[in-house]
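Reader: I have a model open and would like to learn how to read its features. Where do we start?

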Amino acid sequence: MAPIPRLQPYEGPALFSYGFRPFFLFGSLYAGLAILAWLPMFYGGLQLSTAFAPRDWHIHEMLYGYLSAVITGFLLTAVPNWTGRMPLQGKPLIMLVLIWVAGRVAVTMSAWIGWQVSALTDVSFLIVVAAVMAREIVKGKNWRNLKVMVALGILTIGNIAFHLEAHLLGAAEYGIRIGVAATMMLVMVIGGRIVPSFTRNWLSRENPGRMPASFGTFDMISMAGASLALLVWIALPEWQIAGVALIAAGLVQTVHMARWAGHRTWRDRLVLILHVAYAFVPLGFILTGLASLGLIPAGAGIHAWTGGAMGGMTLAVMSRASLGHTGRALVASRMTQALYLLIVIAAFARIIAALLPDWTDALLHLAGAAWAGTFIGFALTYWIVFTRPRVKA
């Protein structure tokens, strides 16, 4: 994301001067705190007034709570650059944050306020965000970025399905798969755009030589094939054809990202983490494909996607965008690098926990501690970045 070209006159708190500031800050805090609450819930030591089962509350709040906040922060900052229009600031931004907070409270208190009120409050956030984004893209006539709206729309449908399934059937299944699939579509669309771009920019300055391949026919085929495999998986996750399609998509995605010359970015951790995070996309496809064939537990692939790709990519984007859009140097501090290491540990611990039942408890605690440390640590480390004005050049 390039710097926003212009801003409206604004004299309020710096926290609400850009869309990324409150959503990255509160979203990351919530991601860490929610995991600290979920582990005691999972083991029966804590009960919340939610109508969701502990597993469903955990999954819902990661996909439709944390992730929705980060996506919103990213889009509120990126769309003005894409369209040339003014960004959302001040009171409208505060109202949007409050709608998100209301959704988190409503889901957690759904057993008390009723599932209908909870669902309406929670789902309204993504609907409002989609409406705001669509208005900006249409008014800015930035038609090529309407594809982002497709993934956002699928995520909204998944959230609605999640609430309906949880109430009518007692557990969500389609709502989970739709949410995960929409997340991966967003990671592939946005990651496929920014990872090679940032890599090319850095390599051209610091390490001339082989550059990332330009976007072409192969990349379009890889995206289409991955999207089709995800659609088949949503509908029939235990179908053997779904397994074969997912594994094939994973292999093609491996070649897709190998064309970005990620191995040449070792010296710039802000760029390297983008490649590391994206590597969990093909890994998730392959593991989920093996699960569809009945060879391994489903949790391994799901957590490669959610813990590795979603967690890693959102952390990478949040840290880079936060530094760049506040006028700070694009350099990963030692603390930021430690956070990158923690998210990778969290992802691998959770994947292995699904594959090795005898080690599940220990690895769950390791994954939970590393995840919480990552996102609470990010919020504390970047608190000044979010709450103070942009650094003047």
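Author: With the kind of model: this one is predicted. We can begin with the aromatic rings.

Reader: How many aromatic pairs does a search of the whole structure find?

Author: The search finds 19. One of them joins Phe23 and Phe125, with 5.9 Å from centre to centre and 45 degrees between the planes. Planes under 30 degrees apart would be stacked and those over 60 edge-to-face, so an angle between these limits is called tilted. The Phe23 and Phe125 pair is tilted.

Reader: Which parts of the chain does that pair link?

Author: Distant ones: Phe23 belongs to helix α1 (residues 20-42) and Phe125 to helix α5 (residues 115-139), 102 residues apart.

Reader: Are Phe23 and Phe125 buried or exposed?

Author: Buried means under 20% relative accessible area. Phe23 has 1% relative accessibility and therefore counts as buried. Phe125, at 2%, counts as buried too.

Reader: Which residues form an aromatic cluster?

Author: One cluster is made of Tyr18, Phe20, Phe24, Phe378, Tyr382 and Phe386.

Reader: Which arginines lie over the face of a ring?

Author: Arg177 lies over the face of Tyr174, 4.6 Å from the ring centre. Arg320 lies over the face of Phe198, at 3.9 Å from the ring centre.

Reader: Now helix packing. At what angle do the axes of α10 and α12 cross?

Author: The axes of helix α10 (residues 269-292) and helix α12 (residues 334-355) cross at roughly 10 degrees and come within 11 Å. Angles under 35 degrees count as roughly parallel, which means that α10 is roughly parallel to α12.

Reader: What kinds of residues make up the contact of α10 with α12?

Author: They divide into 11 nonpolar, 1 polar and 1 charged. The α10 side includes Ile273, Val276 and Phe280, and the α12 side includes Val344, Phe348 and Ile351.

Terms used. Residues are numbered from 1 along each chain as its sequence is written. This is a predicted model: local features need pLDDT of at least 70, side-chain atom pairs count only at pLDDT 80 or more; totals for chains, interfaces and linings use all residues. Side-chain values use heavy atoms; hydrogens and water are left out. Rings of Phe, Tyr and Trp (its six-membered ring) pair if their centres lie within 6.5 Å; planes under 30 degrees apart count as stacked, over 60 as edge-to-face and the rest as tilted. Helices (H or I, at least four residues) and strands (E, at least two) are DSSP runs, numbered from the N terminus. Buried means under 20% relative accessible area, exposed over 50%, partly exposed in between (1.4 Å probe, protein chains only). A charge sits over a ring if NZ of Lys or CZ of Arg is within 6 Å of the ring centre and within 35 degrees of the ring normal. Axes are lines fitted to C-alpha atoms, for helices over the stretch in contact, and angles run from 0 to 180 degrees between N-to-C directions. Angles under 35 degrees count as roughly parallel, over 145 as roughly antiparallel, 65 to 115 as roughly perpendicular and the rest as oblique. Contact means heavy atoms within 4.5 Å. Ala, Val, Leu, Ile, Met, Phe, Trp, Tyr, Cys and Pro count as nonpolar, Asp, Glu, Lys and Arg as charged, and the others, Gly among them, as polar.
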